[in-house]
Amino acid sequence: MKKIVLTGGGTAGHVTPNLALIPSLRERGYDIQYIGSYQGIEKKLIENAGIPYRGISSGKLRRYFDLKNFTDPFRVLKGYGEALKILKQYKPDVVFSKGGFVAVPVVLAAKHFKIPTIIHESDMTPGLANKICIPSAAKVCCNFPETMKYLPKEKAVLTGSPIRKELLEGDRTAGLQYAHLSADRPVILVIGGSLGSVTVNNAVRKLLPKLLPLYQVVHICGKGNLDESLIGTAGYVQYEYVDAPLKHLFAAADLIVSRAGANSICEILALRKPNVLIPLSAAASRGDQILNAKSFEKQGFSTVLEEENLNSETLYQAITSTDRGRAQFIQAMEQSPLSNAVDTIVSLIESYSAS
């Protein structure tokens, strides 16, 4: 039986693409193990998928001063030793890494044993963890055409991001029923990220009197961000978080307003949904969401509204102009070659596990 180790963690974005690969890997007869951090978000997600999980020590490598910079290198070294032990016992044919700092010791340990490693970079420019891993990788998969120039030419493969198959199996009627909405007006789905966005939430709620005569709004606002004064507002429904029914809400949506995390926007692309992207500002991040959003805008997939320019009026203009041009947005997304990432990446894995 072919064996593969999947790794990656720290955020859900470093785990969900791995989850998307698992059904196809199982179909092709792979025995799968996962290496993540002791108690990271990836542990519960992977164990829920029925995959054996091994935890290792993990430390973050920071570009800025922090007292933990003096102790985390020792955690990374400990993680490297633990990864060596796991790989020696399991003897995988190939390793696939989705990134995050927990993946660094695993990729370096795989290099020690000459196990081929394929890594995936979601964002426009490689993060620090993947920069460390790229020299040890056989291939580097990426989401954006612009990313290719940052990668070694002989290693770079434009694949897009693996999308969970179940997201594509939503039912519009089930989504409308779940949200208690009608079929007589279009639906806007607002997603502010797993923690929500106060800025986006406030702009959407301020705009409701102008939106609701034309649209219905499903608002996933993040934990602790419900507005109790708006509960019961006709045509507006809010949730802190949605799990299994999310695929049905996606199917019910005619237009999506979202942050510009790489995995989220690749899901929107796969679903062919006209969208308005509000990337996290450069002041609050390393600017990767801004680059992601601009790439999608350049390719004709999205309207971009930068957070610095966000208010109820600019959001209304972005929504209505996107809605008017929905046919062109859908056509551009349908022509994208990045919609079959699971098959592309699994075929790449096959080529290295067979060698």
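**Entry 1: the E12 end of the sheet**

I began with strand E12 (residues 275-277), which is joined to E13 by two bridges, the two strands running parallel. Helices here are DSSP runs of H or I with at least four residues, strands are runs of E with at least two, and both are numbered from the N terminus. Two strands count as paired if DSSP finds at least two bridges between them. Opposite Val-276 I found Thr-303 of E13.

A word on the source: this is a predicted model, in which local features need pLDDT of at least 70 and side-chain atom pairs count only at pLDDT 80 or more, while totals for chains, interfaces and linings use all residues. Residues are numbered from 1 along each chain as its sequence is written, and side-chain values use heavy atoms, with hydrogens and water left out.

**Entry 2: the whole open sheet**

I then traced the six strands of this open sheet, and their order is E10-E9-E8-E11-E12-E13, with parallel pairing. Strand E10 (236-239) and strand E13 (303-304) are the edges; each has a single partner strand, so one side of each has no neighbour in the sheet.

Ile-188 has Leu-255 of E11 as its bridge partner. E11 is joined to E12 by three parallel bridges, and Ser-258 is partnered with Leu-277 in E12. From E11 the chain passes through H9 to E12 in a right-handed β-α-β crossover (with the strands pointing away from the viewer, the path from the first strand over the helix to the second runs clockwise).

Is strand E11 (residues 255-258) buried or exposed? I found Leu-255 and Val-257 pointing one way and Ile-256 and Ser-258 the other, and all are buried (under 20% relative accessible area with a 1.4 Å probe and protein chains only; exposed is over 50%, partly exposed in between).

**Entry 3: a helix across the sheet, and the cores**

Helix H7 (residues 198-211) lies across strand E8 (187-191), strand E9 (216-220) and E10, and runs at about 165° to E9. Axes are lines fitted to C-alpha atoms, for helices over the stretch in contact, with angles from 0 to 180 degrees between N-to-C directions.

Which residues have the most contacts inside the largest nonpolar core? They are Leu-189, Val-218 and Phe-250, in a core of 36 residues. Such a core is a set of buried Ala, Val, Leu, Ile, Met, Phe, Trp, Tyr and Cys residues joined through side-chain atoms within 4.5 Å. Among the elements giving it two or more residues are helix H6 (172-179), helix H8 (246-252) and helix H9 (262-271). H9 gives the most, with five residues.

I listed the contacts (heavy atoms within 4.5 Å) of Leu-189, leaving aside neighbours within four places in sequence: they include Val-218, Ile-220, Phe-250 and Val-257. There is also a second, separate core of 24 residues, including Val-15, Ile-32, Ile-118 and Cys-141.

**Entry 4: Gln-238**

Gln-238 sits in strand E10 and is buried, with a relative accessible area of 11%. What does its side chain meet? I found a polar contact of 2.8 Å to the side chain of Arg-205 (a pair of N or O atoms within 3.5 Å; within protein, one must be able to donate a hydrogen and the other to accept it, and residues adjacent in sequence count only if both atoms are side-chain atoms). A polar atom of the Gln-238 side chain also lies 2.7 Å from the backbone oxygen of Asp-227.

Strand E5 (residues 117-121) and E6 pair in the parallel sense over four bridges, with Ile-119 opposite Val-140. E5, helix H5 (residues 128-133) and E6 form a right-handed β-α-β unit. On strand E6 (residues 139-142) both faces are covered, with Lys-139 and Cys-141 buried on one side and Val-140 and Cys-142 on the other. E6 is joined to strand E7 (residues 156-158) by three parallel bridges, and Cys-141 has Val-157 as its partner there.

**Entry 5: Leu-176**

Last, I checked Leu-176 in helix H6, which is buried at 8% relative accessibility. Its C-alpha atom is 6.1 Å from that of Ala-252, 76 residues apart along the chain.
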